[in-house]
Amino acid sequence: MDLNSGQFWSSPITYMVFLPVAGALVMMLVPRTNEVAQKSLALITSLLTAGVGIVILTQFNYNEANKIQGYVNTSWIDFINARWIVGIDGISLPMIALTLLIVPLCIIYSWNHIPAPGNAKAFLILILILETGMLGSFIALDLILFFVFFEVMLLPMYFMIGVWGGPNRQYASIKFFLFTLFGSALMLVSFLALYFLQGTFQIPELAEMAGSGLARTTGLLIFGGMFLGFGIKVPMFP
């Protein structure tokens, strides 16, 4: 596989992002009572994903870390002019490496420490879906694609908090859902405003425009919407 192939299925980035989901689908076919098989599948999937990540790390040109590498640009949702545009640069690469390291460690730790009320199958499937959401967020170069991956992360987090989150887990999960819903609305409105004003969801194109053609007040409003949305969802505040 060539990091700079530019093709959807020939790009190692595609395999890295979707391997965890594929592993989660396989785990659904294994009986819940067979916890050893569930844990083994989850660990193998995370290690295979990390293996693809190592391939990407070795093929990455560190002398041009400021440039997007492994660029893939294919049609996705033509109706709203959203495209499957992904790539990796020197900022996203260490975040991807950190994710590929932490997820297997989490699975190894949870091997004999599945939180109450148990159910290793559901817990580990959610971890793998969460990994896909995290990796996708780091490689997305289209605002709608980024939004989708970011929201994918929130679904397993909601269920993990609601089921395995401790004594006040239901209250915490509902509060988490309401806060993130408000943050998502602010982000989406800001993304749509950028699209209608600048004509594209593509992050590299928006970076080149650098806000040209936007009135100062409009730019501040869009920035404020994104700042509040990301601040709530990170979460930085309240």
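**Spaces and cores**

The largest cavity has a volume of about 30 Å³. Keep in mind that this is a predicted model. Searching the whole structure for cavities of 30 Å³ or more gives 1.

What lines the largest cavity? The residues are M16, G53, I56, L57, L93, I96, A97 and L100. Two elements, helix 2 and helix 3, each give two or more residues to this lining. Helix 3 has the largest share, with 4 residues. Sorted by class, the lining has 7 nonpolar residues, 1 polar residue and no charged ones.

Next, the largest pocket, which holds about 270 Å³ of space. Its lining consists of S137, A140, L141, L143, F146, F150, I203, M226 and F230. Helix 5 and helix 8 are the elements that supply two or more residues here. The largest share, 3 residues, is from helix 5. By class, this lining has 8 nonpolar residues, 1 polar residue and no charged residues.

Now the packing. As a general point, nonpolar side chains in soluble globular proteins tend to be buried together. In this model the largest nonpolar core has 35 residues, and M16, I88 and I139 have the most contacts inside it. Which elements give two or more residues to this core? They are helix 1 (12–28), helix 2 (35–59), strand 2 (82–88), helix 3 (92–109), helix 4 (120–139), helix 5 (143–164), helix 6 (169–198) and helix 8 (216–233). Helix 5 makes the largest contribution to the core, 8 residues. Apart from this core there is another one, of 15 residues, including I107, F123, I125 and L128.

Setting aside residues up to four places away in sequence, M16 touches T49, V52, G53, I56, I96, L100, L135 and I139.

Last, the serine. S173 sits in helix 6. Is S173 buried or exposed? S173 has a relative accessible area of 4%, and the cut-off for buried is under 20%, so S173 counts as buried. What does S173 contact, beyond its neighbours within four places in sequence? The contacts are Y158, I161 and G162.

That is the end of my part.

Definitions and conventions:
Residues are numbered from 1 along each chain as its sequence is written. This is a predicted model: local features need pLDDT of at least 70, side-chain atom pairs count only at pLDDT 80 or more; totals for chains, interfaces and linings use all residues. Side-chain values use heavy atoms; hydrogens and water are left out. A nonpolar core is a set of buried Ala, Val, Leu, Ile, Met, Phe, Trp, Tyr and Cys residues joined through side-chain atoms within 4.5 Å. Buried means under 20% relative accessible area, exposed over 50%, partly exposed in between (1.4 Å probe, protein chains only). Contact means heavy atoms within 4.5 Å. On a 1 Å grid over the protein atoms alone, a cavity is a set of points where a 1.4 Å probe fits but cannot get out, and a pocket is an open set with protein on both sides within 12 Å along at least five of seven lines; lining residues have an atom within 4 Å of a point. Grid points are joined across faces, edges and corners, and a volume is the space filled by probe spheres set on the points. Ala, Val, Leu, Ile, Met, Phe, Trp, Tyr, Cys and Pro count as nonpolar, Asp, Glu, Lys and Arg as charged, and the others, Gly among them, as polar.
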